[in-house]
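Here is a friendly tour of a structure for anyone who likes to see the geometry spelled out. Have the viewer ready and follow along.

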Amino acid sequence: MEDIRCEGIFKSFGGEAVFEDFSACFPAGRLSVIMGESGCGKTTLLNMLMGFEKPDRGKVLGVPEKKSAVFQEDRLFEAFRPLANLKAVLGKRFSDGRLKEELLKLGIGDGDLMKPVSDFSGGMKRRLAIARAVLYGGEALFLDEPFKGLDAETKEAAMDYVRCSAAGKTVILVTHDKREAELMRTGALVSMKKPASLLYKTGTAD
Amino acid sequence: MRMDKEKRRLWIGRAAAIAAALLLWHLAARAVGQRLLLVSPVDVAVRLGQLVFEKGFMASVLFSLSRIAAGFFLGLSAGILLAGLSAFFRGAELFLWPYLTAVKSVPVASFIIICLIWLDASSLSVFISFLMVFPVVYFNVLQGMKSTEKEMLQAAGLFRMPWRKRLFYLYLPQVEPFLLSACSTALGVAWKAGIAAEVIGIPDGSIGERLYEAKIYLNTPELLAWTVVIVILSVLFEKLFMGIMRAGFRLLKRR
C-alpha cells in the first residue's frame, strides 16, 4: 500500500481557478483530513482522488484499484430496504445476521430494516452509507462529510465505527468540524482556502 | 382518513358527471328522434344485455382480446429490450431512430392498409397493436434509463457493481414511473389501433367484423353496444395489467 499523492494539480471551472499547482500527500494506512470553508474545492479534490474528475494538469498517484466512499449526497438505492442496499454492493460476502449486527452498531435496528431507505431520516441514510462504505472494504476510504446531520450520540457511535473498522486503511475525511478532525486524524491535515489559493500542510498527527 | 374522504368525493363527482353525460345523451337522442342518427343510452344498454348472451359473443371477445394482448406484449418486450440496448449503445439508438420516428409519425390507417398486403387479416391486429405499443414503450423506457443520475452511476462504478445489479438497483426504480406511464398510454392505443385494424381487415369472428357489420346494416344500437364492450375490455385489461405491474415492482423492491 502506498501513499496517495497529488502533484502539481491545476483545476478550474468556467475560467475560475480552484486549484493552482496544488500538491499534497495522504500517508498510507492513516486517516487524513481535508478541511476548509464551503465551496473551496474539498469535494472536487475528493472527486479527483476517486477518479470521477480529471485535473486540468498534474497527477494523482497511489490511489488503489479497490476503494470505497461515503458521498456527500449518500447515493443510496432509495427504493430498496437497508439490507438490500448493503447486499447490492457487498454481494454474499456477509450473512444477513452479520449485516444486521453492523447496522445495529450504528443505531439502525430491526424495526428499521423493513422500511425502504426513502423513508429513512437524513441521519439514518448517512449511517447506512457509512456502513456500506466501511463493509465494502478496499485499501482506501474516501469520506465526504460523513457525520453531517448526525446528532451528538449517533455521531460518536459513527466516528467510533469508522475509527475501528477503517484502522490500517488509507482514509481521507472531508469535514468542516475542527473537533471531528482532531478526534479522527492520524495522518495529514490539508487546510483549503477560497478562492484558488490553497494553504496546506501535511504530516502525521503523532 | 382525509385521503379516503377526498377519494370518496372524487368518485361521487365522477359518478355524477357520468350520470349527467348519460342524461344529456338521452335528451339529445329524444330531441333528434331518429334511432339511426342518434340512439339513446337505454337502447344501447338493452342491446348490450342481449349481445352478451348471444352465441359467438365470447368467441369474438376472445379473438380480439388474444390478438391485441399478444401485440401489446410483443411491443412491450421489444420496447424494453431495444430501449435497454439503446441506452447503453449510442449506435443502436441512432440505428433505430429512423424506424421509430417513421412508426411514430405515419398514420395508423396507412400502416393497416400497407400491412394488409403482407399479412392475413387475422394477424393484422397483432402486428398493428405491436407497432403502436413499441415506440411508446421504447421512448419512455429510454428516457427513464437516460435520466439515471450520473452520481449514482459513479457510485455503482466505484463499488464495482456488476451489470445485472446495476440494472436491478439503479435502472429498475428509475425506469418504473416511465414504464408504468408508457404501459397506461400504450394499452389504450393498442385497443384503438387493434380494433381499427380489424374493422379494415375484417377477420372472421372478430369484434372489428361485428362493428363493420353493424355499420353496413346501419344498426346503430349494435355499433354502440360493441363500442361499450371494447371500452369495458380495454379498461379492465388496463386495470388488471397495471395492478400486476405495480404489485410486481413492489415485490421486487421488497427483496
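What follows is a short report on the chains, their interface and a few selected residues.

## Ground rules

This is a predicted model, in which local features need pLDDT of at least 70 and side-chain atom pairs count only at pLDDT 80 or more, while totals for chains, interfaces and linings use all residues. Residues are numbered from 1 along each chain as its sequence is written, chains are lettered from A and ligands numbered from 1 in the order in which they are written, and side-chain values use heavy atoms, with hydrogens and water left out.

## Chain B as a whole

Chain B holds 10 helices and 0 strands; helices here are DSSP runs of H or I with at least four residues, strands are runs of E with at least two, and both are numbered from the N terminus. Read from the N terminus, the elements go α-α-α-α-α-α-α-α-α-α. The C-alpha trace of chain B spans about 75 × 55 × 30 Å along its principal axes.

Of the 255 residues in chain B, 40% are buried. Buried means under 20% relative accessible area, exposed means over 50%, and partly exposed is in between (1.4 Å probe, protein chains only). The accessible surface of chain B is about 14,500 Å², with 69% of that belonging to carbon and sulfur atoms; such areas come from the Shrake-Rupley method with a 1.4 Å probe, and for residues only the protein chains shown count as cover. Among contacts in chain B with a separation of 6 or more, 73% come from residues 24 or more positions apart, where contact means heavy atoms within 4.5 Å.

## A helix pair in chain B

How do α3(B) and α4(B) pack, and at what angle? Helix α3 (residues 57-88) of chain B meets helix α4 (residues 90-105) of chain B at about 125°, and their axes are 5 Å apart. The axes are lines fitted to C-alpha atoms, for helices over the stretch in contact, and angles run from 0 to 180 degrees between N-to-C directions. The two helices are therefore oblique to each other, since angles under 35 degrees count as roughly parallel, over 145 as roughly antiparallel, 65 to 115 as roughly perpendicular and the rest as oblique.

On the α3(B) side the contact is made by L82(B), L85(B), S86(B) and F88(B), and on the α4(B) side by R90(B), A92(B), E93(B) and L96(B). These residues divide into 5 nonpolar, 1 polar and 2 charged. Ala, Val, Leu, Ile, Met, Phe, Trp, Tyr, Cys and Pro count as nonpolar, Asp, Glu, Lys and Arg as charged, and the others, Gly among them, as polar.

## Further along chain B

F178(B) sits in helix α8 (residues 163-201) of chain B. Its C-alpha atom is 5.9 Å from that of V141(B), 37 residues away along the chain. Setting aside neighbours within four places in sequence, F178(B) is in contact with N140(B), Q143(B), G144(B) and S147(B).

I202(B) belongs to the loop between α8 and α9 (207-216) of chain B. Its phi is near 45°, a positive value in a residue other than glycine. With a relative accessible area of 30%, I202(B) is partly exposed.

## Where the chains meet

How many residues of chain A are in contact with chain B? The count is 23 residues of chain A, in contact with 17 residues of chain B. The area buried between the two chains is about 1,800 Å², of which carbon and sulfur atoms give 67%; buried area is the accessible area (1.4 Å probe) that two parts lose on being put together, summed over both. In chain A, R75(A), F77(A) and F80(A) lose the most area to chain B, together 33% of what that side buries.

K66(A), in the loop between β4 (57-61) and β5 (67-70) of chain A, touches R160(B) as well as R93(A), Y136(A), G138(A), E139(A) and A140(A), not counting residues up to four places away in sequence. At 29% relative accessibility, K66(A) counts as partly exposed.

## Inside chain A

T170(A) is buried at 2% relative accessibility, and I172(A) is buried at 0%. Leaving aside neighbours within four places in sequence, the contacts of I172(A) include I4(A), F26(A), L46(A) and L49(A).

In helix α1 (residues 42-50) of chain A, 8 of the 9 residues are buried, among them L45(A), L46(A) and L49(A). Just after α1(A), G51(A) takes a positive phi of about 90°.
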